[in-house]
Structure formats: C-alpha cells, structure tokens
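Take a look at the chain shown here. This report goes through a few of its strands, rings, helices and backbone features in turn.

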Amino acid sequence: MKSLTILRHAKSGWDVQVERDFDRPINKRGQRGAEIIGQWLKRQKLPVDRIIASPAVRVTETLDIFQPAADLDTIEPHWDRRIYLASAATLIDVIRDTGRDTDHLLISGHNPGLEDLILMLVPETSGDELRGEVEEKLPTSALARLELDIADWHDLDTGMARFAAFIRPRDLDPTLAPAMDND
C-alpha cells in the first residue's frame, strides 16, 4: 500500500508586486496556515518518505514553514518544474515517476491541478463527505491524505484512491476561515 499526501501552497500575497506569477510569495495568513497544517500532520504521526514540489516561490516558502512544523525538515524536496500550474494528468505522470521505493509521498503545488488530481484519484461515491469538501474547494494550505492499494507508483491510475484524511487551516483555526480572505 502507498499513501499520497497532497498539500496546496499557502495563501499568497497579491499585494506584493512581482514580475512573474512564479515569484509570488505567501502572506502572513499563509504562513500561519502552513504552520498549523504542519503541526497537525506531526500530531497525526502520518509518515512521509519523499517530497516532490513545484519550485514556485509560494510553494518553497510554504514548505520552509510546513516541514519543520511537521518534523519533516530532514527531507530535501525534489523540485519539479512540471508541477508548476500542472494539470491533473501531468501530476499523475510526475507521481508515476516516483517508482516503488517510496511508500509515503507528499506532493505540493497549485490549483486547479491538485484539486482535479484528488477528484480523479478518488472515485465518486454517495455520502463521501471528504470528496464533497474537495469538490467545493481545495483551499490554500489544505492537505489531503490518500491511500492506494499499489506496490509501485507506476501503477497509479484514476479512481483507485480513498481518503485517509482531509484538513484545512480553518478546521484548526477559525480565524483562517474564508470570510478572512481579504486580508
């Protein structure tokens, strides 16, 4: 069995002027979201063996805060440019490239690709509340943990995952609820 942890980057700062979207940093609210999601992962004792991530500034800054909070700061992320604004199909290709040695993979990147990835991997079943929440929105700093009955990441295909967990910053700190999105 493999586990796939999907982490969307933290809330970015639109008030900072940057030449390229790639260079947009996270804001103070994003810093808090990345930290509390990392702390939650540590409390859950969910293992991570490898991290692959977009090299965009908002993802690198998210991981700079998330990893120490999750006690994963000894893992050096593999930065993969293909993840930047990737489609779900491209993300599946990136994950398949992981091979069989990694059991617990974390991927960090952007929407809409990550949200679409979750919806492609987890089949639609009636009463699946977690899938319904993701269908509504995969907010910044949200983390989804999926389980897959495969021995090798090369075998990853659509409709074969199930939720182990889904957590959003607002679930842990009500001040990070959507009504605060204008800060």
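Helices (H or I, at least four residues) and strands (E, at least two) are DSSP runs, numbered from the N terminus. The model is predicted: local features need pLDDT of at least 70, side-chain atom pairs count only at pLDDT 80 or more, and totals for chains, interfaces and linings use all residues. Residues are numbered from 1 along each chain as its sequence is written, and side-chain values use heavy atoms, with hydrogens and water left out.

Start with threonine 5, which lies in strand β1. Is threonine 5 buried or exposed? Its relative accessibility is 0%, so threonine 5 counts as buried. Buried means under 20% relative accessible area, exposed means over 50%, and partly exposed is in between (1.4 Å probe, protein chains only). Contact means heavy atoms within 4.5 Å. Not counting residues up to four places away in sequence, threonine 5 touches Leu105, Leu106, Ile107, Leu143, Ala144 and Arg145.

Leucine 143 is in strand β5 (residues 143-148). Leucine 143 is also buried, with a relative accessible area of 0%. Along the chain, leucine 143 and threonine 5 are 138 residues apart, but their C-alpha atoms are separated by 6.8 Å. Beyond its neighbours within four places in sequence, leucine 143 has contacts that include Ile37, Trp40, Phe66 and Phe166.

**Aromatic rings**

Rings of Phe, Tyr and Trp (its six-membered ring) pair if their centres lie within 6.5 Å. Planes under 30 degrees apart count as stacked, over 60 as edge-to-face and the rest as tilted. How many aromatic pairs does a search of the whole structure find? It finds 2.

| Pair | Centre to centre | Angle between planes | Class |
|---|---|---|---|
| Phenylalanine 22 and tyrosine 84 | 5.0 Å | 75 degrees | edge-to-face |
| Phenylalanine 163 and phenylalanine 166 | 6.5 Å | 65 degrees | edge-to-face |

The pair of phenylalanine 22 and tyrosine 84 links distant parts of the chain, 62 residues apart. Phenylalanine 22 is in the loop between β1 (2-8) and α1 (28-44), and tyrosine 84 is in the loop between β3 (78-79) and α3. Phenylalanine 22 is buried at 10% relative accessible area. Tyrosine 84 counts as buried at 19%.

In the other pair, phenylalanine 163 is buried at 16%, and phenylalanine 166 is buried at 8%.

The charged end of arginine 81 sits over its ring, 4.3 Å from the centre. For this, NZ of Lys or CZ of Arg must be within 6 Å of the ring centre and within 35 degrees of the ring normal.

**Two helices**

Helix α3 (residues 88-96) meets helix α4 (residues 113-121): their axes come within 8 Å and cross at roughly 75 degrees. That makes α3 roughly perpendicular to α4, a class that runs from 65 to 115 degrees. Axes are lines fitted to C-alpha atoms, for helices over the stretch in contact, and angles run from 0 to 180 degrees between N-to-C directions. On the α3 side, the contact residues are Ala88, Leu91, Ile92 and Ile95. Among those in α4 are Leu114, Leu117 and Met120.

**Backbone features**

A cis peptide bond joins asparagine 111 and proline 112, with omega about 5 degrees. Proline 112 lies in the loop between β4 (104-109) and α4.

Serine 141 is not a glycine, yet its phi is positive, near 65 degrees. Serine 141 lies in the loop between α5 (129-136) and β5, and is buried at 2% relative accessible area.

Methods. Parallel < 35°, antiparallel > 145°, perpendicular 65-115°, else oblique.
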